[in-house]
Amino acid sequence: MTVADALMLALGAVAVGSGALVVTSTHLVRAGLYLVISLGAIAGLYLVLGAELVAWVQVLVYVGAVVVLLLFAVMLTRAPIGPSPGLDRPAGPAALIGGGVGFGLSVLLIDAFRWTRYDLPEPGTARRVGEQIFGGWVLPFEVLSILLLAALIGAIVLSRPDIGARPDPDAPAAAAGPPPGPVDETAEVAARLERIAARQAAAATRHRQVATTGAAADTSPPTANRATAEPAAGDPGPAGPAALKDQAREVVFGAHANRPALGGEPDEPTAPPVLEGTSRPTPAVRGRPARPALPGGGTTGEESDA
Amino acid sequence: MHAVIPYVIAAVLFALGVYGVLRRRNAILVLMAVELMLNAVNLILVAADASVRSALAGVRPESWAYPAPEPRAGAIFALFVIVLAAAEVGVGLAIVLQYYRLRRAVVLDEVALDRHDHENEQVAG
């Protein structure tokens, strides 16, 4: 009777006792928590037997993931918190078969191993197990990864009702229609939609009128003199869309043509053209000299209050 | 170390798992009992790894009587069984939850295996 034997007996008693509570408890959540204790005791047995990596993987995968999944399922199926009465079948046949299996296996193993002493193996490190897995066992390892992927996809397909669902002939017609939108079409929403549509129609007719009158009135070339050809701010109507287009083109391509040449003599900076009515002059930054006045009417006296 | 101790613990755990699978009516509790059985098998694999390897202390690895040239075969098998159990729990719980969504129950006695789905609807309704 060594220390390892005592440890194994104690951990085995904990594992078997909480395992018995797992299969006999009338509380669903308590059964899951007893399963945590049982699996933790088995992880301790792995540690005593020298399989260190298996013990930690057991703690990670079983206690950390599998039991959490089971408890999630318990709560998703609206299990009652208290004891559930109709949880078990009559105990007779199950106890008979379970007892028979346990008795037979125990007798077999006791007869096979007797009270023989074995040397406890030296504790294995994760490095050796890793070398074995990725050396001699690499093909089963890869097959196992494919199996995990298949189980993942299978679980997703099973839990999504819209994948592979056959149309139910008995389903009522209302359920077959498209799902309702996130916003219900109440009277208020309908009225607002109508108002928006009316405003859009009015804007379209105004735009059409502007286009016809502007083409008739504006005969001068729009790029000749921007100061006169440009419309006043906030009233782009009389110039028409053609003039606006030319103006925008001049701004875009004029900036490209007036860009500072590389390696050339830096001439005095020119103020960028400004679409009147569309941008405001940049206010002077504190501590920096004010820029020259912009054509849009920028003021230079704003740093005086800084 | 007396190797009979972990073996007998594993046998008792397996018997508890069998008892739970046969006794329980809730599908999630049946899955818990299946986890107990898988852990008993894992324990047997790890114990066999320890005991068989120490019994083969004087045997040369290239001899025909040496069954496992890999010194950690039992632990690796246990790792593989753990992965299989994780996949089994994932798919099993997906099935249980889908059945609960259809029938509002997880009681195994009421699962009609011999009837088609729509026929079952007609019988119930």
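Stop 1: Select Ile28(B). Leaving aside neighbours within four places in sequence, Ile28(B) is in contact with Leu28(A), Leu70(A), Ala73(A), Val74(A), Thr77(A), Val96(B) and Val106(B). Two residues are in contact if their C-beta atoms, placed from the backbone, lie within 7 Å.

This is a predicted model, where local features need pLDDT of at least 70, side-chain atom pairs count only at pLDDT 80 or more, and totals for chains, interfaces and linings use all residues. Residues are numbered from 1 along each chain as its sequence is written, while chains are lettered from A and ligands numbered from 1 in the order in which they are written.

With Ile28(B), they have the most contacts inside the largest nonpolar core, a set of 84 residues. A nonpolar core is a set of buried Ala, Val, Leu, Ile, Met, Phe, Trp, Tyr and Cys residues joined through C-beta atoms within 7 Å. Buried means 20 or more other C-beta atoms within 10 Å of a residue's own; exposed means 12 or fewer, and partly exposed is in between.

Which helices supply at least two residues each of this core? In chain A, pick helix 1 (3-24), helix 2 (28-48), helix 3 (52-76), helix 4 (91-113) and helix 6 (138-159). In chain B, pick helix 1 (4-23), helix 2 (27-55) and helix 3 (73-103). Helix 2 of chain B gives the largest share, 18 residues. Helices (H or I, at least four residues) and strands (E, at least two) are DSSP runs, numbered from the N terminus.

**Stop 2: each chain alone.** Show chain B. Chain B has 4 helices and 0 strands. Of its 125 residues, 50% count as buried. Take the contacts in chain B with a separation of 6 or more: residues 24 or more positions apart account for 62% of them.

Switch to chain A. Chain A has 10 helices and 0 strands. Buried residues make up 19% of its 306 residues. Among contacts in chain A with a separation of 6 or more, 46% come from residues 24 or more positions apart.

**Stop 3: where the chains meet.** Show both chains. Here 83 residues of chain A are in contact with 66 residues of chain B. On the chain A side, helix 1, helix 2, helix 3, helix 4, helix 5 and helix 6 each supply at least two residues. Helix 4 of chain A gives the most, with 14 residues. By class, this side has 55 nonpolar, 19 polar and 9 charged residues. Ala, Val, Leu, Ile, Met, Phe, Trp, Tyr, Cys and Pro count as nonpolar, Asp, Glu, Lys and Arg as charged, and the others, Gly among them, as polar.

Among the residues in contact are Val61(A), Leu69(A), Ile82(B) and Val89(B).

**Stop 4: two loop residues.** Is Asn26(B) buried or exposed? Select Asn26(B), in the loop between helix 1 and helix 2 of chain B. Asn26(B) counts as buried, because it has 22 C-beta neighbours inside 10 Å. The C-alpha atoms of Asn26(B) and Val107(B) are separated by 4.9 Å, though the residues are 81 apart along the chain.

Jump to Arg114(A), in the loop between helix 4 and helix 5 (126-135) of chain A. Arg114(A) is exposed, with 11 other C-beta atoms within 10 Å. Phi of Arg114(A) is near 50 degrees, a positive value in a residue other than glycine. Most residues other than glycine have a negative phi.

**Last stop: confidence.** Chain A averages 77, and 68% of the residues score at least 70. Select residues 220-234 of chain A: pLDDT stays under 50 there. Residues 298-306 of chain A also stay under 50.

Methods:
pLDDT is the predictor's confidence in each residue, from 0 to 100.
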